[in-house]
Amino acid sequence: MKFLLLYIDPGSGSYLVQMIIAGVLAGLFYFKNLWLRVKAFFSKGKKDDAAESED
Amino acid sequence: MIKEKTAYQHHPASFKDPSGFVFKANGKYYRQVNKSYSEDYDLLMSSGLYKELIDKKLLIPHTEVNENFNDSPDWYKTLLPEQLPFISYPYEWSFDELKDAALLTLRVLKISVKHGMILKDGTSFNIQFYEGKPVFIDTLSFEKYDDSKPWIAYRQFCECFLFPLYIEHYHKMDVQKLLSVYLEGIPASTIAKLLPARARFKLSVWLHVYLQASVNSNNKPTNKAATANFSKAKLLNLIESLQSAIKPLHVKTTIQSTWNNYYGETILSKNYLDAKEKVFRDFVSDINDGRTMDVGCNDGYFSKILAEKNNNVIAVDFDTQCVNKLYLDIKSGETKGILPFCIDLTNPSPAVGFNHAERQSFAERAKADTVTALALIHHIVLSKNVPLHDVAKMLSDLTRQHLVIEFVPITDEKSQQLIANKTNYHKPYDPEAFENNFSDFFEIEKKQIIPSTDRILYRMKKR
């Protein structure tokens with residue numbers, strides 16, 4: 001049982017996780033964007049499906 | 001002289017957040033905003049966030065009432081939100097209802113960030129279903145966004161939404177009963193043990209479940225300085241990652257559930273359904289007022305007939321796949337007046353939470369002016385062995401005025417299937433016993449045999 005969890009504020013556990021996740025995602029999105037740019041370069045003229053612009 | 005105490009009822013579920021509370025006065029639900037929340041409330045209203053959320057129908061609209069009903073020294077504002085016809089809980093939602101509620105929460109969060117605010121909690125109890133769609137109801141969940149900090153409600157969001165959805169997605173099993181026990185969501189450490197090994201190979205699962213479980217397990221209060229360099233871009237990445245983790249999750253409807261092919265497979269299907277519809281339409285033609293509850297709604301064929309004239313139809317069934325199918329149907333269709341939920345009438349949602357009062361039982365919430373119970377009684381009496389008299393009592397507790405109920409006799413093909421391997425059901429089970437037992441609670445107004453079957457449709461009035 002993780003009793004320690006009861007004595008910390010609800011956010012702090014998740015803060016550290018989010019720091020790590022944000023790090024991983026930053027790298028991931030960097031390569032994703034790079035890939036999208038490469039793809040866009042080779043498919044010039046073809047319109048990429050518009051990113052979700054609802055909000 | 002003692003001042004007469006105002007009889008405004010503080011809602012028993014509304015105590016956690018010191019920003020304000022919900023109370024009932026003169027038959028309506030109001031929300032008090034406390035002074036401590038005044039800055040955040042003013043920002044919500046002035047930043048354009050409230051307007052955008054209302055325009056997109058994502059938040060329940062409210063009007064301000066300039067009256068301190070509770071004579072409270074903390075009073076800042078009183079809000080009168082648009083009143084909801086029915087309150088449901090996450091453990092009564094089907095897969096896609098929970099999924100849409102999760103995506104709504106993330107969408108609200110994203111819009112909030114755009115306006116310089118953030119959600120301070122991420123519980124699924126912030127969502128209700130209204131006019132066929134989920135809507136955010138907790139007007140006091142927004143606070144000023146500090147872009148150096150991560151999302152305080154991230155863990156709660158995962159536990160209340162993402163993890164239960166993972167369970168349903170990976171195991172194709174119902175998660176409602178589990179959620180009715182884990183009111184604050186299912187912890188990462190528990191989910192990590194429940195998910196199949198193959199889930200580990202998915203990056204999003206690894207990040208949100210396994211990483212979180214392992215960080216939580218050797219938890220120390222986090223060094224504030226270490227988390228001080230979070231940013232808006234990082235938060236938006238996190239939201240996008242959660243969105244793309246949730247969007248592809250699904251439950252296959254190809255699995256043969258209890259009912260999902262009920263009408264399709266029965267020999268009588270088309271003729272039976274047409275005949276029943278004709279009698280049913282005749283029986284309900286003059287009852288269009290108030291709330292109607294279709295218990296054992298199956299795929300909602302008859303709920304939709306009720307919704308033609310009434311936009312306050314609650315459709316419940318214990319088969320979560322039927323409920324899910326009906327929800328998706330309503331979502332993509334024209335009928336908006338039906339709210340479908342997963343309820344097992346022989347084991348309905350209990351009163352749970354703090355002091356047994358935080359979340360009401362189904363019976364406390366479900367009273368309806370008209371109740372319809374088609375092709376249901378044989379399941380309760382023959383499969384679940386509930387005596388006829390008890391079924392009548394239960395239905396009368398749910399009903400305010402009318403009950404439209406179908407009696408399925410023992411000779412019926414479906415009844416025969418149910419008793420194929422059992423003899424110890426409550427006897428007598430025949431129209432006479434049915435009428436006698438129900439007459440203690442109802443007066444039979446109309447009665448008609450459904451042509452080419454032995455089934456009988458009754459319309460009754462509560463005594």
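Predicted model: local features only at pLDDT ≥ 70, side-chain atom pairs only at ≥ 80, totals over all residues.
Local features need pLDDT of at least 70, side-chain atom pairs count only at pLDDT 80 or more, and totals for chains, interfaces and linings use all residues. Residues are numbered from 1 along each chain as its sequence is written, with chains lettered from A and ligands numbered from 1 in the order in which they are written.

Start with chain A. Its secondary structure amounts to 1 helix and 0 strands. Helices (H or I, at least four residues) and strands (E, at least two) are DSSP runs, numbered from the N terminus. Of its 55 residues, 16% are buried. Buried means 20 or more other C-beta atoms within 10 Å of the residue's own; exposed means 12 or fewer, and partly exposed lies in between, with C-beta atoms placed from the backbone.

L211(B) leads across to chain B. This residue sits in helix α7 (residues 203-217) of chain B. Setting aside residues up to four places away in sequence, L211(B) touches V17(A), I20(A), I21(A) and W206(B). Contact here requires C-beta atoms, placed from the backbone, within 7 Å. L211(B) counts as partly exposed because it has 18 C-beta neighbours inside 10 Å.

Next, helix α8 (residues 232-246) of chain B. It has 15 residues and reaches 21 Å from first C-alpha to last, close to the 21 Å expected at 1.5 Å a residue. The expected span is 1.5 Å times one less than the number of residues. Buried residues in α8(B) are K234(B), L235(B), L238(B), S241(B), L242(B), A245(B) and I246(B). Down the axis of α8(B), they fall within an arc of 125 degrees, so they line one face of the helix. The arc is taken from the directions from the helix axis to the C-beta atoms.

Now a helix pair. Helices α3 (residues 95-114) and α4 (residues 154-171) of chain B have axes that come within 10 Å and cross at roughly 145 degrees. Axes are lines fitted to C-alpha atoms, for helices over the stretch in contact, and angles run from 0 to 180 degrees between N-to-C directions. On the α3(B) side, F95(B), L98(B), K99(B), A101(B), A102(B) and T105(B) take part; they meet F157(B), F161(B), L162(B), P164(B), L165(B) and E168(B) of α4(B).

Helix α3 returns in the packing of α12. The buried residues of α12(B) pack against α3, α5 (176-181), β11 (313-317) and β12 (338-342) of chain B. Helix α12 (residues 320-332) of chain B has 13 residues. Its buried residues include C322(B), V323(B), L326(B), Y327(B) and I330(B).

Turn to strand β3 (residues 28-34) of chain B, where Y30(B) is found. Y30(B) is buried, with 21 other C-beta atoms within 10 Å. Beyond its neighbours within four places in sequence, Y30(B) contacts F23(B), A25(B), V65(B), F69(B), T78(B), L79(B) and L80(B).

Finally, the backbone. Most residues other than glycine have a negative phi, and most peptide bonds are trans. D71(B), not a glycine, has a positive phi of about 50 degrees. D71(B) lies in the loop between β4 (62-65) and β5 (75-81) of chain B and counts as exposed, with 10 C-beta neighbours inside 10 Å. K172(B) also has a positive phi of about 50 degrees without being a glycine. The loop between α4 and α5 of chain B holds K172(B), which is partly exposed with 14 C-beta neighbours inside 10 Å. A cis peptide bond, with omega about 0 degrees, joins K427(B) and P428(B). P428(B) lies in the loop between α16 (413-418) and α17 (431-439) of chain B.

Key
Contact = placed C-beta atoms within 7 Å.
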